Amino acid sequence: MIHSLFLINSSGDIFLEKHWKSVVSRSVCDYFFEAQERATEAENVPPVIPTPHHYLLSVYRHKIFFVAVIQTEVPPLFVIEFLHRVVDTFQDYFGVCSEPVIKDNVVVVYEVLEEMLDNGFPLATESNILKELIKPPTILRTVVNTITGSTNVGDQLPTGQLSVVPWRRTGVKYTNNEAYFDVIEEIDAIIDKSGSTITAEIQGVIDACVKLTGMPDLTLSFMNPRLLDDVSFHPCVRFKRWESERTLSFIPADGSFRLLSYHVSAQNLVAIPVYVKHNISFRDSSSLGRFEITVGPKQTMGKTIEGVMVTSQMPKGVLNMSLTPSQGTHTFDPVTKMLSWDVGKINPQKLPSLKGTMSLQAGASKPDENPTINLQFKIQQLAISGLKVNRLDMYGEKYKPFKGIKYMTKAGKFQVRT
Amino acid sequence: MSSNSFAYNEQSGGGEATELGQEATSTISPSGAFGLFSSDLKKNEDLKQMLESNKDSAKLDAMKRIVGMIAKGKNASELFPAVVKNVASKNIEIKKLVYVYLVRYAEEQQDLALLSISTFQRALKDPNQLIRASALRVLSSIRVPIIVPIMMLAIKEASADLSPYVRKNAAHAIQKLYSLDPEQKEMLIEVIEKLLKDKSTLVAGSVVMAFEEVCPDRIDLIHKNYRKLCNLLVDVEEWGQVVIIHMLTRYARTQFVSPWKEDDGLEDNEKNFYESDDEQKEKTDKRKKTYAMDPDHRLLIRNTKPLLQSRNAAVVMAVAQLYWHIAPKSETGIISKSVVRLLRSNREVQYIVLQNIATMSIQRKGMFEPYLKSFYVRSTDPTMIKTLKCYNFLTYVKSQDKQFAAATIQTIGRCATNISEVTDTCLNGLVCLLSNRDEIVVAESVVVIKKLLQMQPAQHGEIIKHMAKLLDSITVPVARASILWLIGENCERVPKIAPDVLRKMAKSFTSEDDLVKLQILNLGAKLYLTNSKQTKLLTQYILNLGKYDQNYDIRDRTRFIRQLIVPNEKSGALSKYAKKIFLAQKPAPLLESPFKDRDHFQLGTLSHTLNAKATGYLELSNWPEVAPDPSVRNVEVIELAKEWTPAGKAKKENSAKKFYSESEEEEDSSDSSSDSESGSGSESGEQGESGEEGDSSEDSSEDSSSGQESESGKFPSKNILWYIPQEKEKKTKQDRNPLTKDVSLLDLDDFNPVSTPVALPTPALSPSLIADLEGLNLSTSSSVISVSTPVFVPMKTHVLLHRMSGKGLAANYYFPRQPCIFGDKMVSVQITLNNTTDQKIENIHIGEKKLPIGMQMHVFNPIDSLEPEGSITVSMGIDFCDSTQTASFQLCTKDDCFNVNIQPPVGELLLPVAMSEKDFKKEQGKLTGMNETSAVIIAAPQNFTPSTILQKVVNVANVGAVPSGQDNIQRFAAKTVHSGSLMLVTVELKEGSTAQLIINTEKTVIGSVLLRELKPVLSQG
């Protein structure tokens, strides 16, 4: 399966290599660099590159290319999914996944990679298990280790590895037993010029942070489970119960994990919480263009819209912009032509707006298309789909846990065409 | 490279270099044996120094730095001798890092690597499974050909390890060994075969991976495990799922007939998935007349469905391709939703998924229609994703990403050709695009229009005119060439424009691109033929220009055309046909998707993504015309009945059995319990029912014939009906046996020691066994220790009281080898009392007991009187506390008391247990060291036939036979009556009429006594 892994930073240096079978020379990456050169942007590097003897499968995350070298037929998604899992694990271990962090923790990284794959086939990918095998570095532990000479490496096989519930270890103990669930919904939408919705859909996830003693068995039920059109579960969720009762029954993983991701059916009308009024005009034979946008709340169920951020890729012909926002700050990068406006909260009484002029390249003709506006926002205490958790029950343990549910709506890929 | 590492050390260890250097000379000398490296001694000296130090912390630091070097790709091989010494380090982190190092460099330093082997061999026996596993991992990762035999041995051993984790590693090691030495294939296949039988979900994925790598063509190995794999699938870890699903897809394509023929795309079948399985069954039944899906085929499809909900994109895609390739066409619909869901994932996932969607939607249009919106392109998507998303066309044409726009236009073209209704719309849209200022867009449009017009040239004179005008402004050669070609083809429809165009072109001929020049020549020739009056001169001028062109293609073409069209003496025949040659109707090109030809690759594979066969790609075979024999998958009948009998039918069977059993009320219980096994297996409620009669060991005879892994258990499911009654007949016969009132001894009749050496006693139903039967054993180490019926009951009696000393009362006892009814820690003893006097003996009872501490005894009820010459048998129970101490007591009559004692043979302190070979080995692995006693037996070979050994062993001890996979090893298992400790007996035949007798037990005393007793028996002739 996976022969080798190379980590390549954005400037094209291989800063880590790991081989699970015979060593593959790093010169194999030359093919990758070639492809990288051809694909002007990092994002455009094809994930699968065939070379005469190998195939290079890569993912690009946190400005690092994770290039896996494989030799034989293998489902590409298998490798890609695994590479993403590697990145997730690093993030889990070190908080961030960046070149300096990986370099600093190269030994832990190596040990983790060694455990994750054996002969190129995944061995342990549950972070719960990995963390028992190789403890994540913390300052305290480093200090303790230097004094006591103990190590970061566990010498017992993690219980999870053998159990039916590999995501949970036995003998978990907490003084405060708590279970928090965050229902986070992202709304993806394309709004056309006139303000009508071309496409809108809601993707939601329920992230859980469960710190419960022992082996609790939880049941989470919804007020309106029919809303969920398409779901994918953490392996802990019992599929049969969902099929028959539409409740989530599971023995939770220890700590933070994504319990469920779902999609709200497109049939249901998606409420669009914001609107953008825009007036952007270029004129031929004029070196000035007008630019004006206003953002306002639409269907927010009485909640405030926060963290509003407007970005737009301006056409190449725009040299500079002189704009005045009614609130927040704005920047325009004349090199990348990226306009961004950090709006903050929307006050329905006084709608935020950004007005001004654009100076255009003299003589250049009017751009084909007005720029698209990308919007980001957050609404606390609201799940825009209307999904509501009914109750959470715990079985199998005696104590009373503290339970909490939080809702949040965010903009996903929210675009307004102008 | 090396200078790099040198620099690295300079910088990191420079400070200490001087003082370390001095020490180095003294301490390094022992390692001077590795003189080879002396030249490198200077480098990395500090590291070596640290590795040699006594402090773990220093070693650890050194190892960490070395691993850092490896990670950076720097060469650290010269440190090999220093590092390899630490392989036996107690510190686990050092050890692990040494492992990392070894795996990396062992290939380069084979001789030195051998030094470490013994350490691993030792670690392979470590009680800690993690250590065993990692030792195996490293040992198998050291790619040194010399150790192949050692690896083979280690793999074999590990594949029988008790820990599923170690077995999983063994499965991985198989692939490593195979790649190192393909000649081991046959042996490895054996191991794979063994591991395929493993019920642990942990092992399943890895062994299937090994299977795919080593012997993907040995599909016959899968048969027996097919259902188990299907059932386990949901519980296997996600990576294993992917591999198994891909393998099963291939399997299904070879083993089942195509479900596609009878399918006419019934829409209502889509609803199937929201119906329960039963309804689905009905539906399938309805269609049965024409095509009946193999139930195993259905099983696979049904069991993979939940995995569409997996969080792992690879799993979802694997299921999708499975549905695509093997499910009835009407059912593939459900995958689209899940596949579309994957589009919200990372860009790399999107890329692969979209490619697969493209293939799917080409073949089955409309499959993704409801999700069209999901394919809308966002301006933030990377180009490659966009290219794949070409749907909502015209909006995107304006996009600033021109490359993408061009791709969009091509797609429009394809769309237009495929869907004739929209052709006009598309064409209009494209013509609008012609006025676009961007050249690439225009050029692309022209090319596409050219292709479109070629298909229906008649009506589009206007467009051609428009394009002719554009010729002035367009500079992209391909577009210009296209326009010229179009005009040439349609020169009769635009008689005025064509010559004018030619005139313009003649003017600019020299500055045109080669591609355009060729088309100018073509246009000239065509015009010359149709309209020679106006264009004769022009054409000749162009031909002259072409004659002196730099490009030989153009010169050739010029010469060719001149000869063809300009009439002269020599070129008689051909020029007549010149017009036909040039103005022949050209067939319209087919605008094909680049994804068209991918469909012959299995979806979701690398080959599919690359549209080229990748190394190791396994072709999906076509459906077989006739399904191969489905019975090869029958593992055991009970499982079959359980899985494939719909609930209703099972009930019927149930009542049928009841009917038979009415004749014998006692059998009821055994019946219903066997039902619970064959019925649903998971309903513990029925189990309770079976418990009504209290004794679950009764049904063991049935189990033994039909239970799992029993080799006798292969008969078609319908036979259950008659099989069980027959069983009962036997029982009825036995019921006449006066000994058994409460305890059924009926099973004895089944016993035939010679002909069926593995008439194995199977356990009473234990929940874990039921799980086993379902194939859902979840690798928990709960061993199955359940008492089974004795294989053999020796009728040997012992004298308790001789008639001479008993004043006419004689007492003999023997051990019926039954679980004692008086207490489960007691051994049953049957005492037969005989009155040899000519008078009645009255009030026979047990008097004073003198038992050692802890020993208990359940006495028989006093016997009022025993007639002269009469005899009576009573049973009693004695708890011997697992010792061979004597139980002394008084046997009293009305007048006398006789001191008697019973000393149990050690073999009678046991109860046979049934366990599988795997469990046996697992347990044996726990009972090593001082718990193991062994002896070598020498005897004539004829005494070493399996049946004689079995006979001899069971004669001495009440043990149960364990089915053995190897001919030369026989295993017996029992537990001690009092403490329930396992007693495992292994007889392994060696060469030269010797055999090794091994006994593993916690009760070492009993173990050694048993060994002593067995040894002479076995060596006797």
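Among contacts in chain B between residues at least 6 apart in sequence, what percentage join residues at least 24 apart? The figure is 67%. The model is a predicted one, and the values below describe that prediction.

Helix α12 of chain B covers residues 201–214 and helix α15 of chain B covers residues 238–255; their axes come within 8 Å of each other and cross at roughly 50 degrees. An angle of that kind makes α12(B) oblique to α15(B). The crossing of α12(B) past α15(B) is left-handed. On the α12(B) side the residues in contact are A204(B), G205(B), V208(B), M209(B), F211(B) and E212(B), and they meet G240(B), V243(B), I244(B), M247(B) and R250(B) in α15(B).

Elsewhere in chain B is helix α13, residues 220–223, which contains D220(B). Is D220(B) buried, partly exposed or exposed? Its relative accessible area is 39%, and since buried means under 20% and exposed over 50%, D220(B) is partly exposed. Between D220(B) and E193(B) there are 27 residues of separation along the chain, and their C-alpha atoms are 10.0 Å apart.

Strands of chain B come next. Strand β4 of chain B spans residues 827–835, and seven of its nine residues are buried, so this strand is largely enclosed by the rest of the structure. β4(B) pairs with strand β3 of chain B, residues 809–814, through six bridges in an antiparallel arrangement. In that pairing N812(B) stands opposite T832(B) of β4(B). β4(B) also pairs with strand β8 of chain B, residues 871–879, and here eight bridges join the antiparallel strands. V829(B) has M876(B) in β8(B) as its bridge partner.

Chain A contains an open sheet of five strands, in the order β2-β1-β5-β4-β3, with antiparallel pairing. The edges are formed by β2 (14–19) and β3 (48–50) of chain A, each of which pairs on one side only. Ignoring direction, neighbouring strands of the sheet are turned by 20 degrees against each other on average. Helix α1 of chain A, residues 29–38, lies across β1 (2–9), β2, β3, β4 and β5 (64–70) of chain A and runs at about 45 degrees to β1(A). α2(A) packs on the sheet as well, touching β1, β4 and β5 of chain A, and its direction makes about 40 degrees with that of β4(A).

α2(A) also meets a helix of the other chain. α2(A) passes α18(B) in a right-handed crossing. L77(A), F78(A) and E81(A) in α2(A) are in contact with A313(B), A314(B) and M317(B) in α18(B).

Chain A also has an open sheet of four strands, in the order β14-β15-β20-β17, again with antiparallel pairing. β14 (274–281) and β17 (318–325) of chain A stand at its edges with a single partner strand each, so one side of each has no neighbour in the sheet. The twist from one strand to the next averages 15 degrees. The partner of β17(A) is strand β20 of chain A, residues 353–360, to which seven bridges join it in the antiparallel sense. In β20(A), M358(A) stands opposite M321(A).

Finally, strand β16 of chain A, residues 305–313, has pairings of its own. With strand β21 of chain A, residues 373–380, it forms an antiparallel pair over six bridges. T311(A) has N374(A) in β21(A) as its bridge partner. β16(A) is also joined by six bridges to strand β19 of chain A, residues 338–344, which runs antiparallel to it. For S312(A), the bridge partner in β19(A) is L339(A).

Definitions and conventions. Residues are numbered from 1 along each chain as its sequence is written. Chains are lettered from A and ligands numbered from 1 in the order in which they are written. This is a predicted model: local features need pLDDT of at least 70, side-chain atom pairs count only at pLDDT 80 or more; totals for chains, interfaces and linings use all residues. Side-chain values use heavy atoms; hydrogens and water are left out. Contact means heavy atoms within 4.5 Å. Two strands pair if DSSP finds at least two bridges between them. Helices (H or I, at least four residues) and strands (E, at least two) are DSSP runs, numbered from the N terminus. Axes are lines fitted to C-alpha atoms, for helices over the stretch in contact, and angles run from 0 to 180 degrees between N-to-C directions. Angles under 35 degrees count as roughly parallel, over 145 as roughly antiparallel, 65 to 115 as roughly perpendicular and the rest as oblique. A crossing is left-handed if the near helix is turned anticlockwise from the far one by less than a right angle, and right-handed if clockwise. Buried means under 20% relative accessible area, exposed over 50%, partly exposed in between (1.4 Å probe, protein chains only).
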